[in-house]
Amino acid sequence: MATVGMMLLRALVPLFFIGMAGSLVVIVVTFVEDMKELIEEED
Amino acid sequence: MASNPPSSPLQSNRVRLVVASSVMLTFISFWRAAAIVLNDLGSSAFYAGGIAEEAVGKAAPWFILGVMLFSFAVRAVYVESCSMFTRGGVYRIVKEALGGTFAKLSVSALMFDYILTGPISGVSAGQYIVGLLNDLAHLCVTRYHWPIWLAPQLNVNYASAAFALLITIYFWWQNIKGIEESSDKALKVMQITTVMVVLLLGWGIFSAFHVGAHLPPLPVPANLHFSQDALGFLRHTSFAKTLGLFGVLMAFGHSVLAMSGEESLAQVNREIEHPKLKNLKRAAIVIAIYSFIFTGIGSLLAVMLIPDAVRVPVYRDNLIAGLAMYMVGPMALRLVFRSFVVIVGFLILGGAVNTAIVGSTGVLMRVAEDGVLADWFRHPQQKYGTSHRIVNLVVAMQLFTIVVSRGNVIMLGEAYAFGVIWSFTFNALAMTVMRWKYHGERGWKVPLNVRIGKTEIPLGLISVFLVLFTTAVVNLFTKSIATVSGILFAIAFFIIFSLSERDNKRRHADTTRQLKEHFQLEHQDKVGRDALEIRPGSVVVTMRDSVNPFALKWALTRTNTDEQDLVVLAARMMGAGGPEYVSASEQLFSEHEQTLFTKAVSVAESFGKHISLLVVPAGDIFAALVQTANSLDAAAVVSGLSTKITAQEQAFYLGQAWEALPEPKRQFTFYVVMPDGSNQSFHIGPHAPHIQPDDVELVHRLWLNLRLDPEMHDLHHSDILTYALTRMSREFNIDKQDVVKNLRESLEEMHKRRGLGKHYDEVEDAAIRTKTIKH
């Protein structure tokens with residue numbers, strides 16, 4: 001039981017790094033988009 | 001007054017009770033919104049670095065930086081949720097996506113986060129103050145040979161806990177009295193914090209180059225050294241010996257508290273001015289960049305500059321103070337800067353204690369308004385009208401937490417992360433589900449969406465959810481204190497919410513039935529004369545206390561309701577983070593409100609007069625009053641004397657709210673009624689001044705003299721006033737201070753000249769004017 005639990009915990013590692021890779025794309029895209037919003041002139 | 005009302009309000013025996021859905025709010029710029037959120041989010045910079053390093057070792061700053069970078073993605077999730085619902089916080093989103101049970105669970109996790117924000121901020125502020133006092137005492141003993149009894153060393157944890165208790169009790173009392181939340185204060189705190197951050201980073205980077213400091217070890221498994229506590233339930237397992245990349249995930253989980261406070265973005269969203277989404281995104285990016293620089297780079301510099309021998313043993317709980325002490329430069333200058341750090345820390349962490357009380361009260365008010373918390377909690381405090389029972393509950397839990405922790409920041413920090421990570425996880429999960437479930441307006445989407453056929457896969461949202469979910473699960477195993485205390489807390493709150501909801505369903509059904517029996521209940525989007533069927537020039541009376549409605553009695557005595565309509569206004573204060581719009585199905589009336597309406601009607605009946613009842617949800621009472629008066633085209637507003645501020649201050653704040661109203665707007669008279677029946681009246685908005693006989697005489701004499709000039713035969717009295725005012729206005733534009741000084745001297749002279757026995761019809765006006773100028 002404990003071994004299965006430990007294996008499941010190990011399985012979280014690839015999920016975490018996949019999530020991190022996707023989040024990085026979100027960060028880059030939204031950063032560029034929001035910086036434009038921040039510095040652009042008022043309508 | 002018009003003699004024919006649109007339709008007679010006396011047609012029905014039941015009194016018309018109109019309930020508005022749009023909440024009356026005042027709006028703030030994105031800078032102010034960012035300042036409010038940063039008061040919460042930025043405060044974690046003072047303790048997150050020390051807590052993370054204690055858990056994972058010297059590589060901790062990289063994880064703090066990683067968490068702050070990841071907070072950019074979490075902000076994107078909050079922006080999407082706020083673009084769907086103005087109050088896009090955890091409770092609302094999770095309820096929409098996953099239903100009431102998950103909403104109650106997520107709000108329990110959020111409450112755990114908010115409740116712990118107070119103790120950890122208060123204790124941390126105490127650690128900075130006591131740390132400085134102890135170092136100064138040590139300096140006095142060693143360098144200036146003071147006797148030890150004169151400069152004793154305090155027990156840091158106990159003294160910090162005592163400080164946290166004091167500051168929590170102080171803010172408890174402020175919240176019981178109902179302090180006015182001001183974005184001004186938040187902005188000022190962030191301005192002074194920014195000065196400190198610029199000095200800290202500038203001086204810190206210079207010092208790092210000067211001493212040739214090395215970056216912390218890279219965040220790879222070989223460089224992670226977990227404390228026994230940081231291994232949690234894995235401590236005695238073989239798993240702990242071969243962590244590998246799993247250790248990176250664990251270390252990230254131990255650093256996640258650095259981004260606590262993101263939820264405040266959803267809380268403040270409803271008050272952001274137009275264009276809301278654009279300004280929300282601007283506020284969010286400012287917040288993310290600021291906290292990345294302050295918390296992330298600040299933690300990095302601390303490890304680079306403070307020697308290993310003292311960093312964790314001495315400065316773990318006041319890391320930024322330690323950083324100030326290890327800059328290059330004279331000791332006196334470093335001590336001065338450290339004192340500045342302590343003052344800023346006190347301001348921002350003290351503010352966070354208040355934010356924690358206001359935030360958790362706001363969340364509980366929100367669930368109470370939704371019928372998920374017993375009505376008993378919504379009962380207003382008799383004297384101050386605040387939600388005192390909710391405030392008491394929140395503060396009692398915070399005081400208990402401080403006492404149990406005995407000032408141990410590490411223990412508080414470990415528990416704190418539970419609420420932070422789980423409320424984010426629920427939010428991200430709910431937002432992912434909403435991509436399929438919600439088909440309403442969505443102003444913006446988290447990017448990285450891939451379309452396969454007709455189905456859109458939100459890869460960006462799923463990615464953020466995966467990081468949060470895996471971190472939350474790992475934290476369950478590695479943060480034993482957080483897991484045990486967090487689960488117990490969440491279960492306790494979940495049970496309270498579930499039982500309250502069941503009881504409330506029955507009670508609210510009874511209340512609504514009774515209301516419908518006695519009142520002609522109507523829900524309207526916005527307040528207007530048509531909805532209430534009243535004529536222009538009505539009298540609006542505020543009512544909060546059903547025990548002694550002296551303002552209503554005063555107004556009824558002086559109003560002939562056959563000629564002038566009288567509207568009794570009950571404002572439902574929505575609390576911090578409340579919604580912008582409350583639909584009819586969400587307007588649940590408490591027993592207190594029912595008692596209030598019944599009392600108003602019985603008082604009116606005792607006078608033999610008719611009244612209309614109006615309920616408006618409000619974020620700010622003064623904004624609600626002027627907005628209602630304006631939309632009803634009211635001639636007068638009557639209020640009882642506030643228990644917190646003077647009649648003049650009431651009028652001043654009302655005048656400020658009136659000035660903020662868009663055109664067209666109508667002037668009205670504001671009456672403040674004292675409990676003894678006397679009153680003070682104030683004209684709100686521009687109005688013809690009452691001119692003293694002496695001044696009329698002066699104008700007349702000037703007119704006579706000027707008329708002697710042959711070119712001035714067409715001169716009128718009003719031309720003299722126009723000229724004098726235009727000239728004063730021009731002078732005011734050139735030298736404001738000089739005009740104010742001269743005016744003040746003139747006022748003093750006038751008061752002396754008039755002496756006793758003269759009437760000062762405009763004395764209140766003068767008070768308001770002077771205050772406006774000072775302001």
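**View 1. Residues at the contact of helices H7(B) and H14(B) in the predicted model.** From H7(B), the residues Val189(B), Ile192(B), Thr193(B), Met196(B) and Leu199(B) meet a set in H14(B) made up of Phe337(B), Phe340(B), Val341(B), Val344(B), Leu347(B), Ile348(B) and Gly351(B). Sorted by class, this contact between H7(B) and H14(B) comprises 10 nonpolar and 2 polar residues, with no charged residues. H7, which spans residues 183-211 of chain B, packs against H14, residues 331-369 of chain B, at an angle of about 145°, and their axes lie 10 Å apart. The crossing in which H7(B) passes H14(B) is left-handed.

**View 2. Helix H11 of chain B, residues 276-305.** The 30 residues of H11(B) reach 42 Å from the first C-alpha to the last, which is close to the 44 Å expected at 1.5 Å a residue. H11(B) is mostly covered, with 22 of its 30 residues buried.

View 3. After H22(B) comes Asp633(B), whose phi is positive, near 60°.

**View 4. The contact between chain A and chain B.** Chain A contributes 22 residues and chain B contributes 28 residues to this contact. On the side of chain A that touches chain B, the residues divide into 15 nonpolar, 4 polar and 3 charged.

Conventions:
Residues numbered from 1 in each chain as written. Chains lettered and ligands numbered in written order. Predicted model: local features only at pLDDT ≥ 70, side-chain atom pairs only at ≥ 80, totals over all residues. Contact = placed C-beta atoms within 7 Å. Nonpolar A, V, L, I, M, F, W, Y, C, P; charged D, E, K, R; others polar. Axes fitted to C-alpha atoms, helices over the stretch in contact; angles between N-to-C directions. Helix = DSSP H or I, 4+ residues; strand = E, 2+ residues; numbered from the N terminus. Left-handed = near helix turned anticlockwise from the far one by under 90°. Expected span 1.5 Å × (residues − 1). Buried ≥ 20, exposed ≤ 12 C-beta atoms within 10 Å, placed from the backbone.
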